[in-house]
Amino acid sequence: MSFLDLIGVSKSYGALQVVSDLHLSIEQGEFVSLLGPSGCGKTTTLHLISGLTDPTRGSIMLDGVDITHAAPNTRGLGIVFQTYALFPHMSVARNVAFGLDVRKVPRAEQQTRVAEALRLVKLEPYAERYPRELSGGQRQRVALARALVIRPPVLLLDEPLSNLDAQLREEMQYELRRIQRAVGTTTLMVTHDQSEAMSTSDRVVVMKDGRAIQVDEPYRIYEHPGSRFISGFVGKANLFEGVYRQRDGQPVVSCGEIDFELSGVPAGAFAGGDAVQVCLRPEKLHLTQAAAQLPACLVRARYFLGSQWLYEIDSALGPVTVVVTNDGRPAVEVGARVGLGWLPDAVRVLSAEA
C-alpha cells in the first residue's frame, strides 16, 4: 500500500457520474498532478480526499488509515484554493499562523514555524503587510506557507496558479516545485494547464469524463500518449488515419500512399490490417528543400512564436503543423514548396479505438 490510496472511488449526483471507479496510489513525497479539461472530475477528486465531499463508493487510505468518512478538520491536510482565501484583515504572519492558532500551538513555537514558512517562500520582509499590499504571486506564496506551516502529511493544490499572469505563472511553476522538493510533502495538484503539470510533477494523471485514462511520468505522457485525446490535450499533435502492415518483415503504417516506418512498437501490439492512427508531434518534423518522406508540400501560413516558428503545411496527408526552432536563419516564406521529413523513432501509433 502506498502513502495515499484511492480505491475504486466514485462520486455521483443522481444520474450524473462525476468521478468513476478511480484507483490511484501516491507515494510519500511524490508530486502528482490531476490534469484534464473542465468538468472531468479532477477538482471533485481533490474534494473527496480533503473531506469536503463524501464519495458515493470506494475508500481513501492515508498512511494505512481509512479516512473515507473522517471529518475534514481531522485529516490534517494542507489545502491551497484557487482564490487563495486569505483573511484581508490579518497580516501575512497572522494569515500563516491561522492553522497553528486553531491547533492551539504555543505562541513561541508559532513564531518559529511562521518564520520558517515565510523564509521557505521568500516572504520574510513582508510578514507585517496585508494581502491587499501584495502582488498576485506573493499572495499565492502566503497561501502556500499557510498550508505548509501545519506540516501536513499531504498538500492539496486546487488550480493554485490560475489567477496569475502568464509570465508570473511560468515562474511560479518552478518555484512551486522548488518548495515542494525542499519540504518533501506529498503533493496533489489539480490543473487544466498541461505545461504546469508537465513541469512540476513526478507523475501526471490525465482525466476525462470522471476517469483516469493514463497515469505516467510527464515525459512518457507526452512521448507515448495512450489515446487520441491525450495526444491532443497534452501538447500539439498531427494525427493521421492509417492501416498497420508488415513490409519485408518490418512494421509500417500506410496512410494513403505514404508509409510510416516504425521503431519500437511492442510485438503483438497490432495485427496486420488493423486500423490505427499515426501521431507525430510538430517539433519532430523538419522542413527540407528537396523531397523527403512527404514531398510536394505547400507552406500555407506561418506564425512567429519568439523561440519558434509554427508553420501550417498542406500535404498529401492533409493539413500538417510543423514547429521549427528559431535559430536565426530566415523563415520559410508562405507559398513555398517544401519537403517534410521525420525519424522513425518520432512516430507513435495509437489504436483507432483508443
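Q: In the hairpin of β12 and β13, which residue takes a positive phi?
A: Happy to start there. This is a predicted model, where local features need pLDDT of at least 70, side-chain atom pairs count only at pLDDT 80 or more, and totals for chains, interfaces and linings use all residues. Residues are numbered from 1 along each chain as its sequence is written, and side-chain values use heavy atoms, with hydrogens and water left out. The names come from DSSP runs: helices are H or I runs of at least four residues, strands are E runs of at least two, and both are numbered from the N terminus. In this hairpin the residue is G256, with a phi near 65°, and two residues sit between the strands.

Q: In which sense do β12 and β13 pair?
A: Strands of a sheet pair through backbone hydrogen bonds, either parallel or antiparallel. Two strands count as paired if DSSP finds at least two bridges between them. Here β12 (residues 250–255) and β13 pair in the antiparallel sense, over four bridges. To see one of these pairings, look for V252, whose bridge partner in β13 is E261.

Q: Which side chains of β13 are buried?
A: Relative accessible area decides this: buried is under 20%, exposed is over 50%, and partly exposed lies in between (1.4 Å probe, protein chains only). Along β13 (residues 258–261) the side chains alternate, so to speak, between two faces.

Q: Which residue forms a salt bridge with E261?
A: A salt bridge is a side-chain nitrogen of Lys or Arg within 4 Å of a carboxyl oxygen of Asp or Glu. The partner of E261 is R247, and their closest N and O atoms are 3.4 Å apart. Because R247 lies in strand β11 and E261 in strand β13, the pair ties together parts that are 14 residues apart in sequence. R247 is partly exposed at 34%, and E261 is partly exposed at 44%.

Q: How many salt bridges does the whole structure have?
A: A search of the whole structure finds 20. One of them joins D193 and R169, at 3.7 Å from N to O. D193 lies in the loop between β8 and α7 (194–200) and R169 in helix α6, so this pair links parts that are 24 residues apart in sequence. R169 counts as buried because its relative accessibility is 13%.

Q: What is the strand order in the six-strand sheet?
A: The order in this open sheet is β6-β7-β8-β3-β9-β10, and the pairing is mixed. Its edge strands are β6 (78–80) and β10 (211–216), each pairing on one side only. Neighbouring strands are turned by 15° against each other on average, direction ignored.

Q: Is β8 mostly covered or uncovered?
A: Strand β8 (residues 186–191) is mostly covered, with six of its six residues buried. T186, L188 and V190 point one way, whereas T187, M189 and T191 point the other way.

Q: Which strands pair with β8, and in which sense?
A: Strand β3 (residues 31–35) pairs with β8 in the parallel sense over five bridges. Across that pairing, F31 stands opposite T187 and V32 opposite L188. Strand β7 (residues 154–158) also pairs with β8 in the parallel sense, over five bridges, and D158 has V190 as its bridge partner. From β7 the chain crosses through helix α6 (residues 166–183) to β8 in a right-handed β-α-β crossover. Right-handed means that, with the strands pointing away from the viewer, the path from the first strand over the helix to the second runs clockwise.

Notes
Axes are lines fitted to C-alpha atoms, for helices over the stretch in contact, and angles run from 0 to 180 degrees between N-to-C directions.
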